[in-house]
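Here is a short report for someone meeting this structure for the first time. Please look over the sequence and the model before reading on.

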Amino acid sequence: MVVLADMWRVLRQRGPSQFQFWLIALVIGIAAGFAALFFRKGIETLQAFLYGTDDVAMLHSFASTMPWYWVLSLPIAGGLVVGIILHRFTADARVRSVADVIQGAAMQDGRVEHRAGLASAAASLITLSTGGSSGREGPVVHIAAVISSWVSERIRADGITGRDLLGCAVAAAVSASFNAPIAGAIFALEVVLRHFAVHSFAPIAIAAVAGTVINRIEYGGVTEFVLPGVSTLEFYGELPAFLILGLLCGLVATVLMRAIFVAEDLGNRIQSATGLPRWLRPAVSGAMLGGLAIWFPHIIGVGYETTSAALTGQLLLQEAVVFCILKVVAVAITMGGRMGGGVFSPSLMVGALTGLAFGMIATALFPDVSGASTIYALAGMGAVAAAVLGAPISTTLIVFEMTGDWQIGIAVMVAVSLSTALASRLVDRSFFLTQLEQRGVHLAAGPQAYLLSMFRVGAVMRKVGDPGMADEARCHEMIEDGIYVEITATLEAALPLFDRAGVPFVPVITPADADGTPQLWGALFHVDALKTYTSALAATAAEEHS
């Protein structure tokens, strides 16, 4: 006990050594793996209970035999519960997702909200169990981030350590969700940390393996999807078709992302215009989903049954097109209605349906130089998902590891690369980064764009009475001329003042009080702001290349 107490004291006071850090990474990987497993099991248990089926893998087939009023009422009831949870436990009634994890990695030393994160996990669990049309991977990633944030706070981790632990948790969660350790590790680096620093790789790989082991203890080493027979590809003849498929998938991915953003904006406008209580918004969306599911139960849940049908060629051309369109609509309703869940599984389903439809047409037009249409479904699945996530490397690996088919890697890579290249120019690089951009968080452009927003003027200014403080009389003159910045502003807002006014410093004030006089707190010097910015850029570059 004394030894354990000493180790805990060292962890809290000095931070973990390399070996201790890897041990912590392993523990976080195990915890995140179990969190992913329990979340998946929770969804399956609730779905089995609510829909009355023992085989949730065939959920939409079973739902088609249920009474219409039950299919309609489940999403409404689920939406009502979700709305109450989010209203009670979050400040903005919004589900936390992968975008918040990315922001936490970049701007909050690898931390995310605990209370809102747990509430979001509960909301997503209910949404996915009651007919919501979204994915489970986004909530799992945020649950894992909550775990790593709690650990980071306990050991007082600095920014680099906190981000690495966050990467470990995300890698384990993704690995456990997809039984894909390689893709899980790369996803954490590519999407969340957004760099491939060498010092991060070992602990993240350890955590990814740990998460995968947790998955395989329960589910074994089987892949998520099983493809029929051996895939064949007429490389030279078919590669142009996969180039076209990649461009098509980039457009489809853009439509999917923009549909979600339009639904979110439309929901905000309707809510504002009608005075609809925010806790009732998910229930209204649930009613829309339930009505759609009465006729098309394929939209229910993550959609793995329909995705498998597409990958095995069990759908007709008309079915593939209709289901693809309806899935986009259903995902937009779910996300725009703030019901919770992620976008990865829906993008897999939309991609598989897009690829299958394209493959059916391509192989029919050129039967002599074509392989199976299901190859196009596999490539399309990866292409749409990669464009949505902005993660071509990890998504390609996820597709391979989920199917166990490594024979058509060139076709998948071609489609993924073109879809990502096209979609990244039509949105702000990815769905998550576009979400953040719409909130005013400029991560898509890189550290040079968002670092300035991390520093408050009050922390950089020279206070009244400090050595080197500007002349107070001159400061008051500038205030009268309208040249000043408030103490709560960020450097992002303050720096443009120097260019516009052509001055070496600007006064820092608080807003006018009752007698109409602003209070002078100090002055922000241009040179101090630039030094702070340069130091932050240097630290970021050092971390990314260490």
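## Salt bridges

Arg94 and Asp100 are both buried. The model is a predicted one. In it, Arg94 and Asp100 form a salt bridge, with their closest N and O atoms 3.3 Å apart.

Arg462 and Asp528 also meet through their side chains, in a salt bridge of 2.8 Å from N to O. Arg462 belongs to strand 1 and Asp528 to helix 24 (residues 526-544), so this pair ties together parts that are 66 residues apart in sequence. Arg462 is partly exposed, at 24% relative accessible area. Asp528 is buried, at 14%.

Arg474 and Glu477 give another pair, with a salt bridge of 3.5 Å from N to O. Both lie in helix 22 (residues 472-480), 3 residues apart, and are separated by about one helical turn. In an α-helix there are 3.6 residues a turn, so residues three or four places apart point the same way. Arg474 is partly exposed, at 35% relative accessibility. Glu477 is partly exposed too, with a relative accessible area of 43%.

Some salt bridges share partners. They join Asp92, Arg94, Arg96, Asp100, Glu113 and Arg439 into one network. The count of salt bridges comes to 14.

| Pair | N to O distance |
|---|---|
| Arg94 and Asp100 | 3.3 Å |
| Arg462 and Asp528 | 2.8 Å |
| Arg474 and Glu477 | 3.5 Å |

How many of the 7 residues of strand 4 are buried? The number is 5, so strand 4 (residues 519-525) is largely enclosed by the rest of the structure.

Strand 4 pairs with strand 1 (residues 462-463) in the antiparallel sense, over 2 bridges. Here Lys463 stands opposite Gly522 of strand 4. Strand 4 also pairs with strand 3 (residues 505-510), again antiparallel, over 6 bridges. In that pairing, Val508 has Gly522 as its bridge partner.

## Helix 16

Helix 16 (residues 373-389) has 17 residues. At 1.5 Å a residue, they should span 24 Å. The end C-alpha atoms are 25 Å apart, which agrees. How many of the residues of helix 16 are buried? The count is 17 of 17, and the helix is mostly covered. Just after helix 16 comes Gly390, with a positive phi of about 65°.

## Two arginines with positive phi

Arg194 has a phi near 65°, a positive value in a residue other than glycine. Arg194 sits in the loop between helix 9 (181-193) and helix 10 (198-219). At 30% relative accessibility, Arg194 is partly exposed.

Arg338 is not a glycine either, yet its phi is positive, at about 55°. Its place is the loop between helix 14 (317-336) and helix 15 (344-365). Is Arg338 buried or exposed? Arg338 is buried, with a relative accessible area of 19%.

## A nonpolar surface patch

Helices 14 and 15 return here. A nonpolar patch on the surface is formed by Leu317, Val321, Ile325, Val329, Ile361, Leu365 and Phe366. Together they have about 630 Å² of accessible area. Helix 14 and helix 15 each supply at least two residues of the patch. Which helix gives the largest share? Helix 14 does, with 4 residues. Val329 is partly exposed, at 38% relative accessibility.

## Cysteines

The count of disulfides comes to 0. A disulfide needs the two sulfur atoms within 2.5 Å. Cys249 is buried, with a relative accessible area of 0%. Cys324 is buried as well, at 11%.

Key: Residues are numbered from 1 along each chain as its sequence is written. This is a predicted model: local features need pLDDT of at least 70, side-chain atom pairs count only at pLDDT 80 or more; totals for chains, interfaces and linings use all residues. Side-chain values use heavy atoms; hydrogens and water are left out. Buried means under 20% relative accessible area, exposed over 50%, partly exposed in between (1.4 Å probe, protein chains only). Two strands pair if DSSP finds at least two bridges between them. Patches are made of residues with over 30% relative accessible area and no salt bridge: like charges are joined within 9 Å, nonpolar side chains (Val, Leu, Ile, Met, Phe, Trp, Tyr) within 5 Å. Accessible areas come from the Shrake-Rupley method with a 1.4 Å probe; for residues, only the protein chains shown count as cover. A salt bridge is a side-chain nitrogen of Lys or Arg within 4 Å of a carboxyl oxygen of Asp or Glu. The expected span of a helix is 1.5 Å times one less than its number of residues.
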